[in-house]
Amino acid sequence: MYAPSRWLPHPDLMTVFGPLFRPVPRVPVKRERWELSDGDFVDVDRLAGPREAPLLLVLHGLEGSSSAHYVRGLLAQARARGWRAWALNFRGCSGDINRLVRSYHSGETGDLDELVRRARGEADRIAIAGFSLGGNVLVKWLGEQGGSVLREIKAAAALSVPFDLKLCAETLDGPGFWRWVYRTRFLRSLKRKSLEKLRRFPGAADESRVRNSRTLVQFDDALTARIHGFSGATDYYTQSSSGPFVEGVRIPLLLLSAADDPFIPSHCIPRPRNPLVSVELSPKGGHLGFVEGPPWKPRFYAESRTMEFLSRNTETRTRTLNADPNPNPNPER
């Protein structure tokens, strides 16, 4: 049971505490560069462990990386249980710009699919965790797989997921000091990398529109949609939002969110009929916050709860649903 720290009474304080003040947990990882089928690459941080141990795959959030405090916190939890882990850096997020004009986005599931299929050759018990954007990618991928999901995938957890991308982008683009802080931080990083990419691929998108974007919706309309084959921001948000894919999930899945998340309005969090999906909505917790305990020894509930759920479901898959001959819950897309 999550007991929010009273010394962080505001959701924005809960949200920024970890990135600003938490010492990043130290875990012994080895970075590897993996070539992808389309000629690009991703960097993956490996946490070693016994060959017979379960393997945890971890996906970070928007403009994060495998070095994010919450990723390293989860890796530390996995290590304490004797697990192995791979933390994926989405394209362009490891510190080196990727080769192709395309990058990563909230609905891009192809790189996760390649990661999973590589993992299949090294483990017979695989669990996956995704944070924020990474959680959206994870839930969408699981819904796309439906009853065809690999038997090695035993369970998954997705934290602070923006299930409705349009609504969440408009929320961050709204008025208020803290929203301005979040929006400015994201746009500064996104623009820097995108403008560098456009210098390598002139004409791939309108550089002036990208440079002059003042909102996330404007940026996604100018660049994200353009270089990834969508007609515009609305089309990108519609096709990439994970909410409609939840009912298609066919493995145990934990969805952990906070009702006071400043990025994600609580009414967009799904209440699925799918018995394999466990939705845990805390009144407080902020965005990827979930801090508990005293200020001199804070604990991060989301990470411990995630490992508890994944551990319970990695021994055997105790509940299943019949395979869906059409696993995509939105075939018109």
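## Valine 161

V161 sits in the loop between β6 (153-159) and α5 (165-172). Helices (H or I, at least four residues) and strands (E, at least two) are DSSP runs, numbered from the N terminus. This is a predicted model: local features need pLDDT of at least 70, side-chain atom pairs count only at pLDDT 80 or more, and totals for chains, interfaces and linings use all residues. Residues are numbered from 1 along each chain as its sequence is written, and side-chain values use heavy atoms, without hydrogens and water.

Is V161 buried or exposed? V161 counts as buried because its relative accessibility is 0%. Buried means under 20% relative accessible area, exposed over 50%, and partly exposed in between (1.4 Å probe, protein chains only).

## Partners of V161

Contact means heavy atoms within 4.5 Å. Leaving aside neighbours within four places in sequence, V161 is in contact with S132, G135, N136, S242, S257 and I264. V161 and S241 are 80 residues apart in sequence, and their C-alpha atoms are 9.7 Å apart in space.

## The sheet

The order of the open sheet of 8 strands is β1-β2-β4-β3-β5-β6-β7-β8, with mixed pairing. Its edge strands, β1 (29-35) and β8 (277-282), each pair on one side only. Two strands pair if DSSP finds at least two bridges between them.

β1 and β2 (residues 41-47) run antiparallel, joined by 7 bridges. In β2, V44 is the bridge partner of E32.

## A helix on the sheet

Helix α4 (residues 133-145) packs on the sheet and touches β3, β5, β6 and β7 (253-258). The direction of α4 makes about 135 degrees with that of β5. Axes are lines fitted to C-alpha atoms, for helices over the stretch in contact, and angles run from 0 to 180 degrees between N-to-C directions.
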